[in-house]
Amino acid sequence: MSHVVELRSDTFTLPTPRMLEAAAAAPLGDDVYGEDPTVTELESLSAKLLGKPAGCLMPSGTMANLAALLTHSPRGGKAVVGSESDLYVYEAGGASVFGGIVYEPLTADPDGTLPLAAVAEAFEVDREDPQFALPAVLCLETPHNRLGGVPLDPGYLAAAGALAHDHGVALHLDGARVFNAALALGVPAADLASSADTVQFCLSKGLSAPVGSVLVGDEQSIATARRYRKMLGGGMRQAGLIAACGIIALTEMTDRLADDHAHAGRLADGLRDVPGLLLDPQPPRTNMVFFTVDPDSTPHTTESLIEAARARGVHLAELGRGRVRAVTHRGVTAADVDRAVTVLTEVMADTTAAPGPRE
Ligand SMILES: Cc1ncc(COP(=O)(O)O)c(C=O)c1O
């Protein structure tokens, strides 16, 4: 097949030639002994960019989130999370399984925020009766993936942090794509991290590194999280190979995320008038476009659309409840976006691949 337009996720990005060169040239050591200078450099750089004292390289965002929750909550403690958050939906219940932590899912508003009144209620209800799970950590996600890649407003983050801290609860920020959020808001990433106790961000998404996330926070929290990383099997020996790519990700790849955001806008503009597709009404703020198939105007289903597009070389993903996600990234050019629009227009016009007229 000719060139594939890969829109399922920015995790499909491949390392850049500069990353591979840096990995080949990186000074290495045993990081479980704390002796890999390239890992140490990446951790310091990450901490500095996020305005925190310390950082710890993790194999994945999932492990970074899990280590953070284990750090902030005792067994039987409560993690207040968004019901559509990656942490709650996609991370296999790790905090509950490994940490005995009770998730309390709250419904987010369309702007990705958890209503602070509901958060306060989640904190306070159990304070009244300490025989139940005590609130230990509030988890927020920015940009919020399943809600359209929407970045959380910095004022909201500050208010949520203040509320959590007033109740003796830590704030953990899942900033898997925090540099996309910072770019969309026109603020330094450190501004988004300032009210959080810990923040995790992924090197392996739009920043194009092959592997890795970094958890940043205060020295004590990061030392504790490092021990949990070891316990979870995430201590890696010559991890400088990964960290070298991460350093290039942070020094050379954050500004170009603007291209991805522009391409998401272009894709949304191109898809808005395709008959049978219902686009999320808000223009994309970062690198994600969401839409559904309108059952009232086409015999296509989400599955038939995705399959027919795939057969024509455009890869899309369903993110649950019929929502289709298209993510732009370094591997997607403006021409690829235009190709995707053409393909989806053709697919929607060609109902032979659809399951047939509905009764
Ligand atoms: C918002 C968010 N948090 C966390 C993760 C988990 O990262 P990883 O795939 O590296 O475990 C993802 C992955 O897609 C994500 O989108």
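Modeller: One term first: two residues are in contact if their C-beta atoms, placed from the backbone, lie within 7 Å. Please also keep in mind that this is a predicted model.

Biologist: What covers the buried residues of α7?

Modeller: The cover includes α6 (116-127), β5 (134-141), β6 (170-174) and α9 (189-193). The buried residues themselves are Leu-157, Ala-160, Gly-161 and Ala-164.

Biologist: What makes you say that the buried residues of α7 line one face of the helix?

Modeller: Looking down the axis of α7, the buried residues fall within an arc of 100°, so they line one face. In an α-helix there are 3.6 residues a turn, so residues three or four places apart point the same way. The face of α7 turned away from the buried side carries the exposed residues Gly-155 and Asp-166.

Biologist: How do you know that the length of α7 is close to the expected one?

Modeller: Helix α7 covers residues 154-166, which is 13 residues. From first C-alpha to last it reaches 18 Å, close to the 18 Å expected at 1.5 Å a residue. Just after α7, Gly-168 has a positive phi of about 70°.

Biologist: Why does the span of α6 agree with its number of residues?

Modeller: The 12 residues of α6 should span 16 Å at 1.5 Å a residue, and its end C-alpha atoms are 17 Å apart, which agrees. Val-119, Ala-122 and Phe-123 are the buried residues of α6. These cover an arc of only 90° around the axis, so they sit on the same side of α6. Ala-117 and Glu-124 are exposed on the other side. What covers the buried residues of α6 includes β3 (77-82), β4 (102-106), β5 and α7.

Biologist: Why is α11 called largely enclosed by the rest of the structure?

Modeller: Of the 13 residues of α11, 10 are buried, so the helix is largely enclosed by the rest of the structure. Among them are Ile-242, Cys-245, Ile-248 and Leu-250. What covers the buried residues of α11 includes α1 (17-25), α2 (37-50) and β2 (54-58).

Biologist: Which residues touch the most other members of the largest nonpolar core?

Modeller: That core has 83 residues, and Ala-67, Ala-79, Leu-138, Leu-140, Val-214, Leu-215 and Cys-245 touch the most other members. Helix α11 (residues 240-252) contributes the largest share, 8 residues. A second, separate core of 28 residues includes Phe-291, Val-293, Leu-305 and Ala-326. In soluble globular proteins, nonpolar side chains tend to be buried together.

Biologist: Why does Cys-139 count as buried?

Modeller: The cut-off for buried is 20 or more other C-beta atoms within 10 Å. Cys-139 has 26 C-beta neighbours inside 10 Å, so it counts as buried. Cys-139 is in strand β5. Leaving out residues up to four places away in sequence, Cys-139 touches Ala-79, Val-80, Val-81, Ser-85, Leu-87, His-172 and Asp-174.

Biologist: And why is Lys-230 called exposed?

Modeller: Exposed means 12 or fewer. Lys-230 has 12 other C-beta atoms within 10 Å, so it is exposed. Lys-230 has its place in helix α10 (residues 219-231).

Biologist: What is noted about phi of Ala-92?

Modeller: Phi of Ala-92 is near 60°, a positive value in a residue other than glycine. Ala-92 is in the loop between α4 (86-89) and α5 (94-99). With 11 other C-beta atoms within 10 Å, Ala-92 is exposed. Arg-321 also has a positive phi, near 55°, and lies in the loop between β12 (317-318) and β13 (324-327). Arg-321 has 9 other C-beta atoms within 10 Å, so it is exposed.

Biologist: How do you know that the peptide bond between Thr-142 and Pro-143 is cis?

Modeller: Omega of that bond is about -10°, and the bond is cis. Pro-143 lies in the loop between β5 and α7.

Biologist: Which residues surround the ligand?

Modeller: The surrounding residues include Ser-60, Thr-62, Asp-86, Glu-141, Asp-174, Cys-202 and Ser-213. By class, the shell has 2 nonpolar, 6 polar and 3 charged residues.

Technical notes: Residues numbered from 1 in each chain as written. Predicted model: local features only at pLDDT ≥ 70, side-chain atom pairs only at ≥ 80, totals over all residues. Core = buried A, V, L, I, M, F, W, Y, C linked by C-beta atoms within 7 Å. Helix = DSSP H or I, 4+ residues; strand = E, 2+ residues; numbered from the N terminus. Expected span 1.5 Å × (residues − 1). Arc of directions from axis to C-beta. Near = placed C-beta within 6 Å. Nonpolar A, V, L, I, M, F, W, Y, C, P; charged D, E, K, R; others polar.
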